[in-house]
Amino acid sequence: MATVTETPKPTLEELLRTTDPARRRKDILMRTLITSAFVITMIPLVSLTWTVVSRGIGRLDGYFLLHSMRGVFGGMDAGGIYHAIVGTVQITLFAALISVPIGLLTAIYLVEYGGGRPLSKLITFLVDVMTGIPSIVAGLFAYALFALLLGPGAKMGVIGSVALSVLMIPVVVRSSEEMLRLVPNELREASLALGVPRWLTIIKVVLRTSVAGLTTGVMLAIARVIGETAPLLITVGVVDSINFNLFDGRMMTLPVYVYRQYAQGLVACSPDDTSCVADITVQRAWAAALTLFLIVMLLNLIGRLVTRFFAPKIR
């Protein structure tokens with residue numbers, strides 16, 4: 001019996017050569033536009049990364065990371081950002097602890113239980129409004145809320161966490177809602193057909209299937225707020241000492257530290273002084289900015305690892 005040999009499928013380039021010249025020109029044009037858009041997009045990203053790394057790497061060392069600014073005055077060649085790192089990590093994590101459960105549960109209601117109800121439409125409208133709130137408004141809201149509870153002038157880490165959570169919640173809701181809607185309804189129906197309760201179907205099927213997208217959404221929300229300065233200036237203030245207690249006293253954060261050090265450096269230098277970047281306060285500002293840059297990269301790496309190890313395996 002003669003064997004039938006399969007004809008290999010033509011490649012994309014071979015198909016393009018057999019098409020008419022007009023279609024080939026359109027394909028070349030679109031490829032050029034897409035490549036150009038990618039290059040243009042990468043230019044500011046590469047420029048920003050190079051600027052932060054080149055100006056901040058010289059000051060970034062173990063002493064800078066493990067010491068605070070306590071007892072450092074003016075342009076002394078000393079001081080570090082340990083207190084700012086502690087404040088940033090604690091305030092941001094507590095904000096995530098507030099925002100992620102609220103945002104995720106809200107998204108679950110909108111997708112699984114809302115069903116076009118008036119309450120669902122109202123929540124969607126309010127989330128859209130919150131998405132466009134300026135960060136300074138979130139800071140003023142948190143400050144006013146705690147001023148009513150604790151009295152005017154109250155500044156502490158938990159107030160900053162509440163302010164950041166106002167900015168995080170709509171991002172978590174929107175991203176989680178989109179990820180939950182991508183889960184095929186057939187999976188829900190199969191689980192419900194087997195007699196599994198709806199709440200258990202959501203936990204075991206819906207959330208398990210969309211864990212990769214949910215993690216990405218949370219990382220985006222954290223990256224959205226970790227560099228905010230205005231709300232933290234209002235709610236947390238500034239301090240040169242290390243404070244591990246979110247519920248007592250002021251705390252320093254990396255964005256506020258960068259702003260304060262760079263502002264002090266600009267005041268210390270004359271407008272015509274081209275060597276202003278050599279000022280120690282400006283060096284601290286760039287090194288702190290680089291540290292914040294690295295923290296965001298680390299958070300994204302953690303998100304990638306969570307996605308890789310907890311996402312459903314396709315066999």
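Is tyrosine 82 buried, partly exposed or exposed? In this predicted model, tyrosine 82 comes out as partly exposed, with a relative accessible area of 27%. The chain runs to 315 residues, and 37% of them count as buried. The fold is built from helices, 13 of them, with 0 strands. Looking at contacts between residues with a separation of 6 or more, 73% come from residues 24 or more positions apart.

Back to the rings, then. A pair of aromatic rings is described by the distance of the centres and the angle of the planes. The count here comes to 2 aromatic pairs. One of them is made by tyrosine 82 and phenylalanine 244: the ring centres are 6.4 Å apart and the planes sit at 65°, and because an angle over 60 degrees counts as edge-to-face, that is the label this pair gets. Tyrosine 82 belongs to helix H4 (residues 82–114), while phenylalanine 244 sits in the loop between helix H11 (230–235) and helix H12 (254–268), so the pair bridges 162 residues of sequence. Phenylalanine 244 is exposed, at 51% relative accessibility.

Phenylalanine 94 and phenylalanine 247 also form an aromatic pair, with 5.9 Å from centre to centre and 85° between the planes, again edge-to-face. Phenylalanine 94 is a residue of H4 and phenylalanine 247 lies in the loop between H11 and H12, so this pair ties together parts of the chain that are 153 residues apart in sequence. Phenylalanine 94 is partly exposed, with a relative accessible area of 21%, whereas phenylalanine 247 is exposed, at 52%.

The loop between H11 and H12 also holds threonine 253. With residues up to four places away in sequence set aside, its contacts are Met69, Thr281, Val282, Arg284 and Ala285.

Next, the helix packing. Two packed helices are described by the angle between their axes and the distance between the axes. For helix H7 (residues 157–181) and helix H10 (residues 211–225), the axes come within 9 Å and cross at roughly 155°. That makes H7 roughly antiparallel to H10. The crossing of H7 past H10 is right-handed. On the H7 side, the contact is made by Leu164, Leu167, Met168, Val171, Val172, Ser175, Ser176 and Met179. H10 answers with Gly213, Leu214, Gly217, Ala221, Ile222, Arg224 and Val225.

H7 also packs with helix H6 (residues 135–150), and here the axes are 8 Å apart at an angle of about 135°. H6 and H7 are therefore oblique to each other. H6 passes H7 in a right-handed crossing. Which residues meet where H6 and H7 pack? From H6 come Ser135, Ala138, Gly139, Phe141, Ala142, Tyr143 and Phe146, which meet Val158, Ile159, Val162, Ala163, Val166 and Leu167 of H7. Leu167 turns up in the H10 contact as well.

Helix H9 (residues 198–209) has Thr201, Ile202, Val205, Val206 and Leu207 as its buried residues. What covers these buried residues of H9 includes H4, H7, helix H8 (185–193) and H10. H9 also contains threonine 209, which counts as partly exposed at 32% relative accessibility. Threonine 209 and methionine 179 are 30 residues apart in sequence, and their C-alpha atoms are 9.3 Å apart in space. Methionine 179 is one of the H7 residues in the contact with H10. Finally, arginine 198 lies over the face of tyrosine 113, at 4.9 Å from the ring centre.

Terms used. Residues are numbered from 1 along each chain as its sequence is written. This is a predicted model: local features need pLDDT of at least 70, side-chain atom pairs count only at pLDDT 80 or more; totals for chains, interfaces and linings use all residues. Side-chain values use heavy atoms; hydrogens and water are left out. Rings of Phe, Tyr and Trp (its six-membered ring) pair if their centres lie within 6.5 Å; planes under 30 degrees apart count as stacked, over 60 as edge-to-face and the rest as tilted. Helices (H or I, at least four residues) and strands (E, at least two) are DSSP runs, numbered from the N terminus. Buried means under 20% relative accessible area, exposed over 50%, partly exposed in between (1.4 Å probe, protein chains only). A charge sits over a ring if NZ of Lys or CZ of Arg is within 6 Å of the ring centre and within 35 degrees of the ring normal. Axes are lines fitted to C-alpha atoms, for helices over the stretch in contact, and angles run from 0 to 180 degrees between N-to-C directions. Angles under 35 degrees count as roughly parallel, over 145 as roughly antiparallel, 65 to 115 as roughly perpendicular and the rest as oblique. A crossing is left-handed if the near helix is turned anticlockwise from the far one by less than a right angle, and right-handed if clockwise. Contact means heavy atoms within 4.5 Å.
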